[in-house]
Amino acid sequence: MTSETLQRVLVVDDEPDMASGIQRILKLQGYEVHTANSGEEAVLEARDWQPDGILMDLKMPGIDGVEAYRQIRPLCPNAFVIFMTAYSSLVDDARGEGAAEVLTKPLDPEQTCELISQSLVTRPVLVVDDDADFCKSLARALKANGCLVQTALSAEEALDIYAKQPRSVVMLDMRLGETNGFDLLRSLKEQNAKAIVIQMSGYSDMGSQMSKGMELSATACFHKPLDIESVITTVKQAMRKPK
Amino acid sequence: MSKPKQSLPTATADSRLYAIWSTAVEGIVTIDERGKIETINPAGESLFGYTADELTGRNVSTLMPSPYHDEHDGYLKNYRDTGVKKIIGIGREVVGKRKDGTKFPMHLSVSEFRIADKRMFAGFVRDLSERERSEEIEQRLGRIVEDSLNEIFLFDAETLKFVQANRGARENLGYSLDELRGMTPVDIKPEYTQEQFAELVGPLVSGQEDQLVFEAVHRRKDRSLYDVEIHLQMSRFQSKSCFVAIILDITERNRTKASLLVQQRALESAVNGILITDATQADNPIIYANPAMEQITGYSAEEVIGRNCRFLQNDDREQAAIDELRDAIKNERKCKVVLRNYRKDGTPFWNSLSVSPVRSPDGVLTNFIGIQSDVTDRMVAEEALVNMNAELEQRVEERTRQLQDAQTQLVRNEKLATLGQLAGGVAHEIRNPLGVIRNAVYFLQQVQADGDEDAAEALKEISRGLGNSERIVSELLDFARAPEAPRELSRFPIGEAITGALEMVSLPKSINVARSAPAELFINADRGQIERLLANLLQNAAQAMTEGGSITIRCQAIGESLVTEVTDTGKGIAIEDLEKIFEPLFTKRAKGIGLGLSLCRRYATQNDGTLKATSELGKGSTFSLSLPLANKNGATS
């Protein structure tokens with residue numbers, strides 16, 4: 001990571017003291033931190049400031065944290081969100097929205113910092129391949145290296161999952177059965193201009209496809225059979241990809 | 001003057017006349033026309049009670065009571081003057097007077113004769129006393145018969161026609177004597193024909209029987225009928241035979257008999273047992289027992305007659321009712337009691353007995369009458385009712401108590417629930433400001449790293465205070481949330497939970513922990529809850545040993561349960577508190593609000609286990625958690 005610019009964290013809490021307290025702590029860690037005191041404010045701030053990560057209170061007057069994130073996500077697809085809440089009942093909903101984590105208040109400052117720094121450098125991985133066995137084995141290998149992995153066997157499935165987690169590093173098989181992986185690549189890019197996609201192909205003749213993909217700023221290509229070591233390295237690198 | 005001598009007929013030719021004169025039964029008295037008695041024969045002597053010497057020369061009126069006495073001279077004179085024969089040549093009934101003054105009836109006939117030109121009268125006297133007496137008797141008897149209230153008939157033996165009928169007969173029948181004289185008994189007996197009647201009286205006629213007694217129906221003149229009892233006999237009088245019938249109107253008697261019969265039948269067919277005793281005999285023996293009595297008691301009438309009723313009591317004499325009965329009998333009054341009696345076969349039954357005294361018309365006690373009724377069913381039902389009542393009452397009491405307990409519990413639970421909710425709400429709210437403080441303290445600690453030692457110490461204190469507050473808040477929230485907290489079941493070895501719990505608490509170095517837990521003991525439970533439970537037990541153990549001590553954690557499989565014991569060497573718990581400690585808000589510690597153990601127990605029961613405590617003051621306490629053992633293959637046993 002060669003960033004000179006500081007990572008940006010947006011802290012959203014309807015309790016101003018809570019927000020500024022966390023802000024103070026995070027600044028000590030070297031992040032650039034903005035605060036917002038409502039869901040609506042958060043949306044605006046996210047759109048304009050494009051944070052790398054958001055620490056969002058779930059229960060707020062006006063739109064709640066989940067709704068705010070839903071609105072933020074398309075505007076800021078590469079940002080991770082960590083929810084905070086005192087109410088355990090809201091946790092499940094929040095997780096379903098693709099949160100990186102849900103913290104219960106009161107926060108443990110150390111734990112929070114830890115989590116933020118981790119989230120900044122990790123992304124979930126989405127493996128898209130119509131070969132179920134291939135998905136399983138690749139997923140296993142990635143998980144063994146500490147990745148959070150999801151799999152999709154079709155373009156539709158992939159798009160569904162990506163919609164919730166546009167931060168994901170997508171490992172895309174270019175020949176997705178009947179469909180063209182390239183089309184999916186294009187759709188992903190439409191959702192997230194900065195989508196990180198690693199192309200895979202089992203066919204050497206997909207070379208032209210691959211180059212086209214690279215033009216669309218796909219991150220890398222691999223030919224099957226994959227060399228897992230280099231795949232892992234590439235994925236980890238991709239995660240740290242600066243905006 | 002010398003007494004004139006009777007000139008009596010002399011012997012020989014006069015001997016026959018003399019014999020006749022002296023033996024005549026009648027008295028013969030001769031008198032001159034002046035009434036002076038010349039002669040009197042021996043019959044006359046005895047009749048009047050004089051000797052001849054006493055009477056000769058005296059006036060014949062001596063022999064007469066007044067008024068004749070006074071009038072006789074007049075009669076003679078009358079005759080001498082008029083010659084009209086009033087009695088001369090005739091006979092008449094008159095009254096004579098004896099020497100002793102007594103009077104008697106006599107028949108006197110007088111004849112006239114001349115001797116030597118002297119007119120003389122001879123009176124012939126017959127004593128009528130006997131005849132009068134028998135006449136009198138006859139008259140009296142006749143009166144009696146006539147006046148008798150019974151009907152008395154005489155009817156001719158041959159013609160059967162009535163000869164006589166007394167007033168009772170005439171009046172009852174309504175016929176006159178003349179009418180009756182034209183009738184026979186058959187005419188008033190609608191049941192008999194002539195032939196039948198003749199046959200009936202045959203034995204009397206033949207002399208076979210002296211008397212016939214039979215019942216019949218008589219018909220009055222007005223055609224009404226009445227029942228009679230007839231006593232019939234023959235009577236012979238002056239060679240004439242007639243029947244004498246004495247009739248008793250037995251209508252009343254029959255009516256009484258009929259009603260008595262009805263009463264008897266009533267007694268015989270009554271459903272109640274009826275006993276009659278003779279109270280005039282010693283010990284009041286039974287003289288009558290009806291069939292119902294046999295049905296009720298099993299004893300036949302023959303078996304009980306002559307005995308006192310008490311045999312029905314067998315040996316069961318200790319009854320208050322018996323005393324009441326005895327007292328009533330002694331005082332000759334009626335009573336009604338319910339007794340335990342015994343049948344012939346020994347089975348007991350409840351006898352509802354009604355006893356009444358019976359007196360003769362002049363008030364003397366003659367009998368007791370007892371009416372029995374088997375009320376065993378009623379008594380059993382009554383007893384059952386009483387028992388059921390008592391049972392019901394008991395149940396009601398119990399239920400009421402249970403309800404009251406439940407209500408108390410409910411109120412308490414409500415209070416607790418409200419408290420819980422309140423506490424939960426407060427806890428939630430407090431968490432926010434606590435969080436803010438925490439963040440600020442953390443920050444200050446970071447920036448103060450090389451600063452003031454005192455400041456650093458102060459920040460540590462704030463931090464610890466926050467920790468305590470958070471712990472209290474957690475406890476409160478756990479407690480408030482516990483009923484709805486969903487369990488996340490997983491199968492895990494108890495050893496891991498113990499380890500987890502030990503990590504959650506920070507035990508001072510003065511406390512030594514020893515654990516023995518076989519590795520292969522699994523449970524299927526909410527791991528978080530079990531760990532928190534164990535952590536709480538460890539915390540409590542530590543707090544009981546402020547001067548240090550040791551905690552022993554021991555797990556073993558006992559039957560189908562996994563038992564984990566946490567033992568400390570602390571100050572112990574008093575016996576009366578051993579159950580109370582599991583109640584919410586009970587605490588003997590300065591710190592904490594006493595929710596921990598109640599929550600622990602709730603966790604235990606929610607995971608199908610139990611949590612108990614044993615202790616010895618001054619020595620230590622042991623908390624024992626029992627949970628269902630999970631077999632190695634994952635299923636709970």
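Which residues do ring pairs link into a cluster? The points below take that up, along with the sheets and contacts of this predicted model.

1. **The ring cluster.** Ring pairs join B:Phe153, B:Phe155, B:Phe162, B:Tyr192, B:Phe197, B:Phe214 and B:Phe243 into a cluster. Across all chains, the search of the whole structure finds 11 aromatic pairs. One of them is B:Phe153 with B:Phe162: the ring centres are 4.9 Å apart and the planes meet at 40 degrees, so this pair is tilted. B:Phe153 and B:Phe162 are both buried.

2. **An edge-to-face pair.** B:Tyr299 and B:Phe311 also have ring centres 4.9 Å apart, but their planes stand at 85 degrees, so the pair counts as edge-to-face; the cut-off for that class is over 60 degrees. B:Tyr299 sits in the loop between helix H11 (291-297) and helix H12 (301-304) of chain B, while B:Phe311 sits in the loop between H12 and helix H13 (320-330) of chain B, so the pair ties together parts 12 residues apart in sequence. B:Tyr299 is buried, at 11% relative accessible area. B:Phe311 is buried too, with a relative accessible area of 11%.

3. **Charges over rings.** Two arginines deserve a look. A:Arg24 lies over the face of B:Phe443, 5.2 Å from the ring centre. Within chain B, the charged end of B:Arg601 sits over the ring of B:Phe582, at 3.8 Å from its centre.

4. **The five-stranded sheet.** In chain B, 5 strands make an open sheet, ordered E12-E11-E15-E14-E13, with antiparallel pairing. Strand E12 (286-289) and strand E13 (335-342) of chain B are the edge strands, each pairing on one side only. From one strand to the next, the twist averages 25 degrees.

5. E13(B) pairs with strand E14 (residues 348-359) of chain B in the antiparallel sense, over 8 bridges. Within this pairing, B:Cys335 stands opposite B:Val355 in E14(B). Helix H14 (residues 376-447) of chain B packs on the sheet and touches E13, E14 and strand E15 (365-374) of chain B. The direction of H14 makes about 120 degrees with that of E14(B).

6. **Around B:Ala517.** Is B:Ala517 buried or partly exposed? B:Ala517 counts as partly exposed, because its relative accessibility is 32% and the buried class stops under 20%. B:Ala517 is placed in the loop between strand E17 (511-516) and strand E18 (522-526) of chain B. Leaving out residues up to four places away in sequence, B:Ala517 touches B:Ile498 and B:Cys555. The C-alpha atoms of B:Ala517 and B:Gln556 are separated by 6.9 Å, though these residues are 39 apart along the chain.

7. **Strand E19 and its partners.** E17(B) pairs with strand E19 (residues 549-558) of chain B in the parallel sense, over 6 bridges. Here B:Arg515 stands opposite B:Ile553 in E19(B). E19(B) also pairs with strand E20 (residues 561-568) of chain B, in the antiparallel sense and over 8 bridges. B:Cys555, a contact of B:Ala517, has B:Thr564 in E20(B) as its bridge partner.

8. **The hairpin turn.** E19(B) and E20(B) form a hairpin, with 2 residues between them. In the turn, B:Gly559 has a positive phi of about 65 degrees.

How values were computed
Residues numbered from 1 in each chain as written. Chains lettered and ligands numbered in written order. Predicted model: local features only at pLDDT ≥ 70, side-chain atom pairs only at ≥ 80, totals over all residues. Heavy atoms only, no water. Phe/Tyr/Trp six-rings, centres within 6.5 Å; stacked < 30°, edge-to-face > 60°. Buried < 20%, exposed > 50% of the residue type's maximum accessible area, 1.4 Å probe, protein only. Helix = DSSP H or I, 4+ residues; strand = E, 2+ residues; numbered from the N terminus. Lys NZ or Arg CZ within 6 Å of the ring centre and 35° of its normal. Pairing = 2+ DSSP bridges. Axes fitted to C-alpha atoms, helices over the stretch in contact; angles between N-to-C directions. Contact = heavy atoms within 4.5 Å.
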